[in-house]
Amino acid sequence: MSIAIANIETMNNVKTSKKTKYILLALAIACVVFSSLALAAGSGTEWNSIYTTFDGWIKGIPGKTISLLAFGYSVYNITQQNYTMAAGAFLGAVLMVNAGSVLDLIFTAGIPGL
């Protein structure tokens, strides 16, 4: 416990150089200046065929099969008392079930008002 308190006390005494502050300020200004380029949902239709293919795979039979296999693998790991792998496989199954929604959110993201 005393080591943790000593580490916290030394973190409060850290000095940041002026060069680092200027670099961080320049990065913040660059992010603001170029924020109009951060629109994820552009008007281009070049990737529509690939998007519909992946969307069909994830929301269709292949995605459901992978999700079911991951859930089965998590149940198998519970029987082997490997709870870390079981949790990872279960989270993978949940991710595959919700992957269609996540994919839609990623490709329709944008900055409102621009």
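Helices (H or I, at least four residues) and strands (E, at least two) are taken here as DSSP runs, numbered from the N terminus. On that basis the protein has six helices and zero strands, and reading along the sequence gives the pattern α-α-α-α-α-α. The model is a predicted one, in which local features need pLDDT of at least 70 and side-chain atom pairs count only at pLDDT 80 or more, while totals for chains, interfaces and linings use all residues. Residues are numbered from 1 along each chain as its sequence is written, and side-chain values use heavy atoms, with hydrogens and water left out.

Now for the overall numbers. Of the 114 residues of the protein, 11% count as buried; buried means under 20% relative accessible area, exposed means over 50%, and partly exposed is in between (1.4 Å probe, protein chains only). As for contacts (heavy atoms within 4.5 Å), take those in the protein with a separation of 6 or more: 64% of them come from residues 24 or more positions apart.

Next comes the pairing of H4 and H5. Helix H4 covers residues 61–79 and helix H5 covers residues 83–97; their axes come within 8 Å and cross at roughly 160°. The axes are lines fitted to C-alpha atoms, for helices over the stretch in contact, with angles running from 0 to 180 degrees between N-to-C directions. That crossing makes H4 roughly antiparallel to H5, on a scale where angles under 35 degrees count as roughly parallel, over 145 as roughly antiparallel, 65 to 115 as roughly perpendicular and the rest as oblique. The crossing of H4 and H5 is also left-handed, meaning that the near helix is turned anticlockwise from the far one by less than a right angle (clockwise would be right-handed).

On the H4 side, the residues that meet H5 are Gly63, Ile66, Ser67, Ala70, Phe71, Tyr73, Ser74, Asn77 and Ile78; their partners in H5 are Tyr83, Met85, Ala86, Ala89, Phe90, Gly92, Ala93, Met96 and Val97. Sorted by class, this contact of H4 with H5 has 13 nonpolar, five polar and no charged residues. Here Ala, Val, Leu, Ile, Met, Phe, Trp, Tyr, Cys and Pro count as nonpolar, Asp, Glu, Lys and Arg as charged, and the others, Gly among them, as polar.

Two H4 residues are worth a look. Serine 74, in helix H4, counts as buried at 3% relative accessibility. Leaving aside residues up to four places away in sequence, serine 74 touches Ala86, Ala89 and Phe90. Isoleucine 78, also in helix H4, is partly exposed, with a relative accessible area of 46%.

Finally, the structure holds three aromatic pairs. Rings of Phe, Tyr and Trp (its six-membered ring) pair if their centres lie within 6.5 Å; planes under 30 degrees apart count as stacked, over 60 as edge-to-face and the rest as tilted. Phenylalanine 54 and tryptophan 57 have ring centres 5.4 Å apart and planes at 80°, so this pair is edge-to-face. Both lie in helix H3 (residues 48–59), three residues apart, about one turn of the helix. Phenylalanine 54 is partly exposed at 42% relative accessibility, and tryptophan 57 is partly exposed at 48%. In another pair, the rings of phenylalanine 71 and phenylalanine 90 have centres 6.3 Å apart and planes at 55°, so the pair is tilted.
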